[in-house]
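Please have your viewer ready, with the selection panel open.

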Amino acid sequence: MNIKENIRIAIFSIKTNLMRSLLTMLGIIIGVASVIAVITVGNGGRDYIVGMIKDMGSNAITIGVDATTASNSDYITDGDIEAIKALDAVQYVSPMVMSMGSLNAGDETGIGVLIGGNEEMRYVMSGECVYGRYYTKAEADSGKAVCVIDISSALQFFGKKNCVGEYINYTVNGITVSIKVIGVTDMASAFGSDSEKMLESMKAMGNSTLSGGMIMVPTKFATNVIGMSDRYDTIYIIASDENDLDAAGSAALNRIRARHNNHDKDVYLLTNMATYINLLDTVINVFTMFIAAVSAISLVVGGIGVMNIMLVSITERTREIGIRKALGAKTSTILFQFLTESIILCVIGGAIGLLLGVSGAALVSSIMKIPLTVKASTVALAIGFSTLIGVVFGVYPARRAAKMPPIEALRRD
């Protein structure tokens, strides 16, 4: 008997007992759907999170000062930054000064995060201005009271996206300064936030103090407001080539150590953003596969159900098997007939599970606002798993049917 005939008989048998076949497939459907949904959502979440970090600069390096072991002379200076800029492997360098205070504009007040950086900070943050501009080198060097605000903060404090020319007040340590907004960046939307919905949610709480915002200002202005010297504990470096991150980081670190003459002290922490991306990618993949493996347990249950129903089917079709054997059907022919039926049963269940899994993943991705990533390997995994279950759990019933003596089979009613 050829393969087409086996498939035809298998489909006829499934149609004849349609409800029983669907219930048999249920374990396969649930197992495949859960595995596909977990893997698809996991892939989308991984792409989203890794993409966020890459947006911040996949070719970025940070050098931080260990405050527990460093003396005042070990902190990074503007001279160090200029020396690092001269390195061929380095494209951009900016110190990063952060402070937490409060922001106020009109009747709106909220928690404020102030980030200080030089004119090259724009390349570190990777958010283009949709309105206005970033501050210039002259403004950065003079410590001018100007800032770049993100869209979410603009909506929160001014009720509009384009707030260029407006003033926002920042208070820290009991000191309040007025800062002019010269640019609005799309950083929030680049990170996947829905600014309008975020603002509506904040307002629905009825308590504006629960909200907050972020502004970027020149480094000198930030240090003056905070009351610290022009020495920094963190700098961000963008390498000229992301393939030479280690070389750029090592060169910058050696330049700082040479200028401070502290090679014998372990006071600097070098962090490669690409390392974090690879590590995060690995962790998410392992976590996703673990959950998928747990979900796949239901496939084993589904496989047992398939084996059970195939044994029942063989019992019901004992006389058919005896007649076919009496007419000369080979043992291998009977075996492949029932094995084909088992495989088709599982493949149909796998296809239905695949559709349900992708649909479920699409719903979750829509709610979580992460990309839907359906890979060809995921589809192949669903069909492959289904086929494997059909083979593994269909072999025993098929062998039992094939080895049935024809005389004994014909005696049964």
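This is a predicted model: local features need pLDDT of at least 70, side-chain atom pairs count only at pLDDT 80 or more; totals for chains, interfaces and linings use all residues.

Next, select N261, in the loop between helix 10 (245-260) and strand 13 (268-272). Here phi is also positive, near 50 degrees, in a residue other than glycine. N261 counts as exposed, with a relative accessible area of 66%.

Colour its four strands in the order 3-12-1-13; they form an open sheet with antiparallel pairing. At the edges you will find strand 3 (90-95) and strand 13, each pairing on one side only. On average, neighbouring strands are turned by 20 degrees against each other, direction ignored.

Zoom in on strand 3 and strand 12 (residues 234-239), which are antiparallel and joined by five bridges. P95 has I235 of strand 12 as its bridge partner. Then show helix 10, which packs on the sheet and touches strands 1, 3, 12 and 13; its direction makes about 165 degrees with that of strand 13. Helix 3 (residues 78-85) lies across strands 3 and 12, at about 165 degrees to strand 3.

For the last stop, select T62 in strand 1 (residues 60-65). T62 counts as buried because its relative accessibility is 11%. Beyond its neighbours within four places in sequence, T62 is in contact with I235, Y236, L269, L270 and T271.

Methods
Residues are numbered from 1 along each chain as its sequence is written. Side-chain values use heavy atoms; hydrogens and water are left out. Helices (H or I, at least four residues) and strands (E, at least two) are DSSP runs, numbered from the N terminus. Buried means under 20% relative accessible area, exposed over 50%, partly exposed in between (1.4 Å probe, protein chains only). Contact means heavy atoms within 4.5 Å. Two strands pair if DSSP finds at least two bridges between them. Axes are lines fitted to C-alpha atoms, for helices over the stretch in contact, and angles run from 0 to 180 degrees between N-to-C directions.
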